[in-house]
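This briefing is meant for someone meeting the structure for the first time. Please look over the sequence and the model before reading on.

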Amino acid sequence: MTQRQTAGGDVRLTGISKTYGSFTAVRPLDLTVPQGSFFALLGASGCGKTTTLRMIAGLEEATTGTVSLGGTDITGLPPYKRPVNTVFQSYALFPHLDVTENIAFGLRRRGIRSVKKQVGEMLELVQLGDFAHRKPHQLSGGQQQRVAVARALINHPQVLLLDEPLGALDLKLRRQMQLELKRIQTEVGITFIHVTHDQEEAMTMADTVAVMNGGRVEQLGAPADLYENPRTTFVANFLGTSNLIEGEVVSAGTKGAGTDIVVAAGGGRIRLSAGRCPAPVTSGGRLLVGVRPEKISLAHADEAESITDGRNRVTGRIVDSSFIGVSTQYVVESPAGKALQVYEQNIERDTRLVPGAEVVLHWNPAHTFGLDAGQPMDAGVESVEDAA
Amino acid sequence: MPVLRLLRRNLVVIAGLLTLAYMILPNVVVMVFSFNKPNGRFNYAWQRFSLDAWKDPCGVADLCGSLSLSLRIAFWATLGATVLGTMIAFALVRYRFRARGAINALIFLPMAMPEVVMAASLLTLFLNMGAELGFWTVLIAHIMFCLSFVVTAVKARVMSMDPRLEEAARDLYAGPLQTFLRVTLPIAAPGIAAGALLAFALSFDDFIITNFNAGSTVTFPMFVWGSAQRGTPVQINVIGTAMFVIAVAVVLLGQLIANRRKSRAGK
């Protein structure tokens, strides 16, 4: 069980799409999932991520395009002929079979008689040794989830598909299972493709995250890269929280030369590195400037003088603050934006920072990113709340 | 008043026992009179205890012949109605097709229509077709009316089934046939069994439709009816009692097995 799968290879989706009548669930998309990686498809409900997963499993027929696995085209194969297994959202454990028979199901269907040893190993891997003869309804949600994982993994699939496998668990258990799944993936070395609407889950577990929206992949990359360098407002808002400030470009800068872009916004000037702006920049054009709430420092207006030169500044007034233990979250109203979010670590708290206080927000220009102003500023905001 | 208080406290139990007695009493009468030794041909008044009828259940001419015919018809009608009904139920729940709504409504027709009307119209149909009345016409009629009950029972079960279970089976290397045999069928089994039991009971019991369409063939209910005109042999009570005991035994056995399975799985 511990040896890596030698056979296998990358999952490659080419121009794959799915339409139901006039509704397009997935627009033609190309995607390559490298062998052995933990890959997450992240998006709000209805973005096409589950449909994409089901097309890889063969449970949904692709309208156009092909699915290939390690160079072999499997588009036309029925699900029971694909070396791919799925962990379903509702687990879909067979209610009439006990844990052992549920796990052995795949082996038995392939005519393997002696399943005892392998089932035992699997039960051990998911830490369910004592539950071999229970029926699914006698297990807790977390235990059912582990059985579902074991039932899929025992077949040594080339790819394991996980369809929101943690959605039904409570928060604490979900955290625990995230680490557990990550451990199992590292141990077995099988490619995992994980569908989720939970951006924290995706970032915690996956090596690579593909953010999906409206049936297409918005951006693909390592979690840290997506978080620091979102290319669309949807990604900026869906992954964590972003403060987006619209402004007019004063100086366009140049990527190679290392000169910064300067944007006039909210009565001040904001600088950002030309390398961190994927959108075309022209002097006099509009640009969205983004900064993450935890990158911002807050100073009382009386101490504005002590802020180091070269930092981006925005003045404003605190309208709300909430203490959440490790940090305090402030909402600041400013000419640059109605509700700028600022997260301050609770280290040396300035007691003057209460609602109503005049403040200066300041941050390192290197932490600023730029986005095309032609897109809706609040894309991806609502969906986070819906999913939570 | 302590008696009144006792009554008030146990009202539910008392009502339950009374209802139970109301339901069981006719069966008890049948049972008791199976041990009677009547004077004359009618078994309506208690004379004295005797095991004569139990020792010779087939002692009356044609009784056991009609019983075995009824059992045979019930068996084939159950089989036919269960197979067809299960397929119809799956089709109605799983697929969207043109006449689906109409079929859904038509399936209820045999249940809703007065039995005697159904019986007479069936007879008209058979006569017009020139069919010879007998075993086959009775069987066809029974399958027809049992079908609605099987469809209703199975449909309820299939509707509550998670289609993901079958997807999971297909995902785990089970082809269409394997998926049906290993997952779909076992999960739908309680509904199918309920439908089959109902069909068996209805077919075995049926008098009106059978009487119209049997020609010269005599089933057990027809035999009982016929003999009641001329006198009621004690053997009828023996058969009735035996059927009752067998049915209760089957139910108890089923519960026993289910309980044992549950306690074993709970370990």
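In which loop of chain A is Ala92(A) found? Ala92(A) is found in the loop between strand E6 (84–87) and H2 of chain A, where helices (H or I, at least four residues) and strands (E, at least two) are DSSP runs, numbered from the N terminus. This is a predicted model, in which local features need pLDDT of at least 70 and side-chain atom pairs count only at pLDDT 80 or more, while totals for chains, interfaces and linings use all residues. Residues are numbered from 1 along each chain as its sequence is written, and chains are lettered from A and ligands numbered from 1 in the order in which they are written.

**Chain A as a whole**

- Chain A holds nine helices and 20 strands, and its C-alpha atoms fill a box of roughly 80 × 45 × 40 Å, taken along the principal axes.
- Of the 388 residues of chain A, 42% count as buried; a residue is buried if 20 or more other C-beta atoms, placed from the backbone, lie within 10 Å of its own, exposed if 12 or fewer, and partly exposed in between.
- Among contacts in chain A between residues at least 6 apart in sequence, 67% join residues at least 24 apart, a contact being two residues whose C-beta atoms, placed from the backbone, lie within 7 Å.
- The domain assignment divides chain A into domain 1 (11–228) and domain 2 (238–387), with bounds that come from an automatic or database domain assignment, and the C-alpha centres of these two domains of chain A lie 38 Å apart.
- An unreviewed UniProt entry lists residues 11–239 of chain A for "domain: ABC transporter"; UniProt positions are given in the numbering used here, feature names are shortened, and annotations may be inferred rather than shown by experiment.
- The span of residues 11–239 of chain A is 35% helix and 27% strand, and its end C-alpha atoms lie 25 Å apart.

**Helix H2 of chain A and the loops around it**

- Ala92(A), in the loop that leads from E6 to H2 of chain A, has a positive phi of about 50 degrees although it is not a glycine, and Ala92(A) counts as buried because 26 other C-beta atoms lie within 10 Å.
- The buried residues of helix H2 (residues 99–109) of chain A include Val99(A), Asn102(A), Ile103(A) and Phe105(A), and the buried residues of H2(A) pack against helix H3 (116–125) and helix H4 (141–153) of chain A.
- After H2(A) comes Gly111(A), whose phi is positive, near 80 degrees.
- In the loop between H3 and H4 of chain A lies Gln127(A), which has a positive phi of about 55 degrees although it is not a glycine; Gln127(A) is exposed, with 12 other C-beta atoms within 10 Å.

**Strands and hairpins of chain A**

- Ser22(A) is found in the loop between strand E1 (11–20) and strand E2 (23–33) of chain A, and Ser22(A) counts as exposed because it has 5 C-beta neighbours inside 10 Å.
- Strand E12 (residues 260–265) and strand E13 (residues 268–273) of chain A pair in the antiparallel sense over six bridges, where pairing requires that DSSP finds at least two bridges between two strands.
- E12(A) and E13(A) form a hairpin with two residues between them, and Gly266(A) in the turn has a positive phi of about 60 degrees, while Ala265(A) stands opposite Gly268(A) in E13(A).
- An open sheet of five strands in chain A has the order E15-E19-E16-E17-E18, with antiparallel pairing; strand E15 (297–300) and strand E18 (337–345) of chain A each have a single partner strand, so one side of each is left without a neighbour in the sheet.
- E15(A) and strand E19 (residues 358–363) of chain A pair in the antiparallel sense over four bridges, and the bridge partner of Ser297(A) in E19(A) is His362(A).

- The "transmembrane region" annotation in an unreviewed UniProt entry covers residues 12–35, 73–93, 105–127, 133–154, 180–202 and 234–258 of chain B.
- Residues 73–93 of chain B are 100% helix and 0% strand, with end C-alpha atoms 29 Å apart, and residues 180–202 of chain B are 100% helix and 0% strand, with end C-alpha atoms 28 Å apart.
- Chain B is divided into domain 1 (59–220) and domain 2 (233–267), and the C-alpha centres of these domains of chain B lie 23 Å apart.
- Between the chains, 18 residues of chain B are in contact with 21 residues of chain A; helix H9 (163–171) and helix H10 (176–205) of chain B are the elements that give two or more residues to the side of chain B that touches chain A, and H9(B) provides the largest share, six residues.
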